[in-house]
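Subject: Structure handover and notes

Dear colleague,

I am passing on the structure below, and after it you will find my notes on what was found. Please read them with the model open beside you.

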Amino acid sequence: MASINGDWFHSRSSSNLEELLAVRQLVLESRKLEYTGFNWSGGREGNKKMYKFASTINVEPSTMQTKIRAMIRYGFIKDENQCPLIWTKMGNLWNDLYTIGDFAAAKEVYQLTLTISLVIFAFNNTMEQYSVNPGKGDMPLKFLVNNLDINHAISLKEFEALVDGNTKRVGANISYWKADLINSSLFQEVQENLIYTGKYPELIREIKTFEPNPLLIDEDWKAIRDNPLIEMSPFNKSIRTIFEVISQKEGVEEQFAEDITTFPLINAISEQEEIHIPEIDILNTDTRFTTNTRRVRNATWSIRIKKKYNYLCAVTNCDVVGQIFVEAIHIKPDNTPDGKIPHRTHILNGLCLCKHCHVAFDHGYFSLTDDHKIISSEKFNKIAEQNLKKVILSSVNLKIKKRTDDRWPLVDFIQYHRNNIFKE
Ligand SMILES: [Zn+2]
């Protein structure tokens with residue numbers, strides 16, 4: 001591959017957080033009904049809607065388009081021309097964390113997203129544009145990290161020669177590139193030098209010798225940009241490790257107790273994991289595992305249970321359905337001591353229930369017979385008529401809904417619930 005001195009393309013938009021926040025406003029705006037299907041990248045002249053959309057962030061349409069395209073390139077937004085604008089997996093994580101106010105974790109995800117986009121960034125053959133496919137061009141970050149001096153540094157002068165060389169764009173690109181490298185936390189500026197900070201050592205080691213798989217096509221690279229944890233992503237292992245480190249950070253850890261903060265992170269890992277953990281009945285949740293490994297396994301278990309019930313509440317006459325309305329619940333509670341059969345992530349110790357049925361089950365308002373029929377508690381007599389009561393009482397003596405794999409919860413776990421939690 002040719003040397004890539006002297007002409008590093010960069011769009012006229014930076015990776016600074018303010019830019020991402022502006023695009024975040026556009027994402028929200030783009031979800032309004034009036035913009036459904038609207039082509040934000042289309043012609044601007046006389047396009048009233050385009051002006052209106054751009055006015056959301058008080059800029060001209062051309063500036064707005066540049067900002068959105070930049071965030072696509074940085075890996076926050078999916079590469080689509082039509083509204084609504086959609087976050088990538090990484091963008092979504094960032095947005096979730098930012099929205100719930102965990103700015104420390106949000107910052108880590110922002111830095112990681114930029115790093116990944118820099119890692120797989122390549123110039124196409126003309127070197128005037130970037131390519132989503134690193135196999136189709138030169139990779140500036142790879143080139144840079146292989147050309148640092150023994151102090152892991154490059155002087156700004158040399159860096160400028162690399163970026164702008166003697167092209168007509170001299171001076172125009174360096175500030176953007178510098179901002180990207182610093183925003184990603186890979187480099188810091190110290191006395192006229194850019195110095196590698198030592199961040200993500202494994203990933204940086206990998207990029208030094210990275211050769212893109214020639215079998216991967218542009219669409220594959222788009223998918224990797226969207227979710228760098230997927231199987232075909234060349235860096236999925238080191239990125240997964242980075243995810244785990246982020247979610248173990250102090251503070252992040254504490255808030256996790258409330259199950260919100262790093263939930264998006266753990267979920268992202270688990271969704272991938274779900275495919276890989278073989279479906280055996282007993283998953284080891286040995287306490288010698290790190291808390292994080294256990295979290296990933298628990299989340300994996302939850303996702304799997306919900307899938308088994310097709311996201312339907314398992315109570316026969318309850319019609320609640322949908323990923324965000326149902327929960328995977330333990331029949332034998334996970335905080336009870338181990339019996340003969342490890343129960344915490346046993347695939348037959350779970351039910352998919354809606355939030356209301358979940359509370360009723362945990363409080364012993366109903367349980368199951370050994371042949372999986374619903375039985376109800378006298379406790380119901382003491383509460384007023386309401387929909388939940390109707391749904392459960394009308395389901396008594398009926399079998400719970402069937403799983404997609406035709407298997408039923410294990411009798412041992414059902415008996416534990418009936419004997420210890422259910423109140424006749
Ligand atoms: Zn229900």
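To begin with helix α5, 14 of its 17 residues are buried, so this helix is largely enclosed by the rest of the structure. Here a residue counts as buried if 20 or more other C-beta atoms lie within 10 Å of its own, as exposed if 12 or fewer do, and as partly exposed in between, with C-beta atoms placed from the backbone. Helices (H or I, at least four residues) and strands (E, at least two) are DSSP runs, numbered from the N terminus. Please keep in mind that this is a predicted model, in which local features need pLDDT of at least 70 and side-chain atom pairs count only at pLDDT 80 or more, while totals for chains, interfaces and linings use all residues. Residues are numbered from 1 along each chain as its sequence is written.

Helix α5 covers residues 103-119 and reaches 24 Å from its first C-alpha to its last, close to the 24 Å expected at 1.5 Å a residue (the expected span being 1.5 Å times one less than the number of residues).

For the chain as a whole, there are 17 helices and 9 strands, and 38% of the 424 residues count as buried. Among contacts between residues at least 6 apart in sequence, 65% join residues at least 24 apart, where a contact means that the C-beta atoms of two residues, placed from the backbone, lie within 7 Å.

The largest nonpolar core has 53 residues, of which I68, M71, F76, I77, W94, V109 and V119 touch the most other members. The largest share of this core, 9 residues, comes from α5. Such a core is a set of buried Ala, Val, Leu, Ile, Met, Phe, Trp, Tyr and Cys residues joined through C-beta atoms within 7 Å. Another core, of 30 residues, lies apart from it and includes V315, I329, L351 and I392.

L351 also belongs to strand β7, where it points one way together with L353, while G350, C352 and C354 point the other way, and all are buried. In general, the side chains of a regular strand alternate between the two faces of the sheet. Strand β7 (residues 350-354) is joined by 5 bridges to strand β6 (residues 326-330), and the two run antiparallel; the bridge partner of H330 in β7 is G350.

Elsewhere, 3 strands form an open sheet in the order β3-β5-β4, with antiparallel pairing (two strands pair if DSSP finds at least two bridges between them). Its edge strands are β3 (153-155) and β4 (187-190), each pairing on one side only, and the twist averages 25° from one strand to the next. Strand β3 is joined to β5 (residues 193-196) by 3 bridges, and S155 has N193 as its bridge partner in β5. Helix α7 packs on this sheet, touching β3 and β5, and its direction makes about 80° with that of β3. Helix α8 (residues 174-183) packs on the sheet as well, touching β4 and β5, at about 115° to the direction of β4. For these angles, axes are lines fitted to C-alpha atoms, for helices over the stretch in contact, and the angles run from 0 to 180 degrees between N-to-C directions.

Finally, L156 is found in helix α7 (residues 156-164) and is partly exposed, with 14 other C-beta atoms within 10 Å. Not counting residues up to four places away in sequence, L156 touches E192, N193 and L194.

Best regards
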